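Here is a short report on one protein chain. Have the sequence and the 3D view at hand while reading.

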Amino acid sequence: MKDFFYAIQDLFVDVIFAPFDALRALELESWFGANTISWIFMLVGFVAMVYWMLQLRIFDNNNEEDKSISSHSFL
């Protein structure tokens with residue numbers, strides 16, 4: 001049973017976390033290079049937010065939203 005847990009440890013340390021070790025080593029040389037994943041996620045989030053705002057504007061211009069005061073029972 002002990003070998004089973006050592007195998008799990010080896011899998012995570014040597015295989016799954018290897019890209020993170022490479023990014024950690026890259027940080028000493030290039031901060032921008034080490035944070036490219038973060039920049040990509042920020043770009044995707046910004047594009048999604050712009051798309052969402054444009055869709056909200058389309059529905060608002062079509063007057064499809066129920067803006068009455070009694071639209072919800074708790075109001």
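## Overall fold

This is a predicted model. The chain has four helices and zero strands. Along the sequence, the pattern reads α-α-α-α.

The radius of gyration is 24 Å, whereas a compact globule of 75 residues would have one near 11 Å. Along the principal axes, the C-alpha atoms fill a box of roughly 65 × 40 × 20 Å. Of the 75 residues, 3% count as buried.

## Helices α1 and α2

Helix α1 spans residues 2–16, and its axis comes within 5 Å of the axis of α2. The two axes cross at roughly 45 degrees. The two helices are therefore oblique to each other.

On the α1 side, the contact is made by Val13, Asp14, Val15 and Ile16. On the α2 side, Ala18, Pro19, Phe20 and Asp21 take part. Six of the contact residues are nonpolar, two are charged and none is polar.

## The salt bridge

The structure holds one salt bridge. The side chains of aspartate 21 and arginine 24 form it, at 3.2 Å from N to O. Side chains of opposite charge can pair when their charged atoms come close.

Both aspartate 21 and arginine 24 lie in helix α2, residues 18–27. They sit three residues apart, about one turn of the helix. Aspartate 21 has a relative accessible area of 35%, so it is partly exposed. Arginine 24 reaches 56% relative accessibility, so it counts as exposed; the cut-off for exposed is over 50%. Aspartate 21 also belongs to the contact of α2 with α1.

Methods
Residues are numbered from 1 along each chain as its sequence is written. This is a predicted model: local features need pLDDT of at least 70, side-chain atom pairs count only at pLDDT 80 or more; totals for chains, interfaces and linings use all residues. Side-chain values use heavy atoms; hydrogens and water are left out. A salt bridge is a side-chain nitrogen of Lys or Arg within 4 Å of a carboxyl oxygen of Asp or Glu. Buried means under 20% relative accessible area, exposed over 50%, partly exposed in between (1.4 Å probe, protein chains only). Axes are lines fitted to C-alpha atoms, for helices over the stretch in contact, and angles run from 0 to 180 degrees between N-to-C directions. Angles under 35 degrees count as roughly parallel, over 145 as roughly antiparallel, 65 to 115 as roughly perpendicular and the rest as oblique. Contact means heavy atoms within 4.5 Å. Ala, Val, Leu, Ile, Met, Phe, Trp, Tyr, Cys and Pro count as nonpolar, Asp, Glu, Lys and Arg as charged, and the others, Gly among them, as polar. The radius of gyration is taken over C-alpha atoms; the globule rule is 2.2 Å times the number of residues to the power 0.38.
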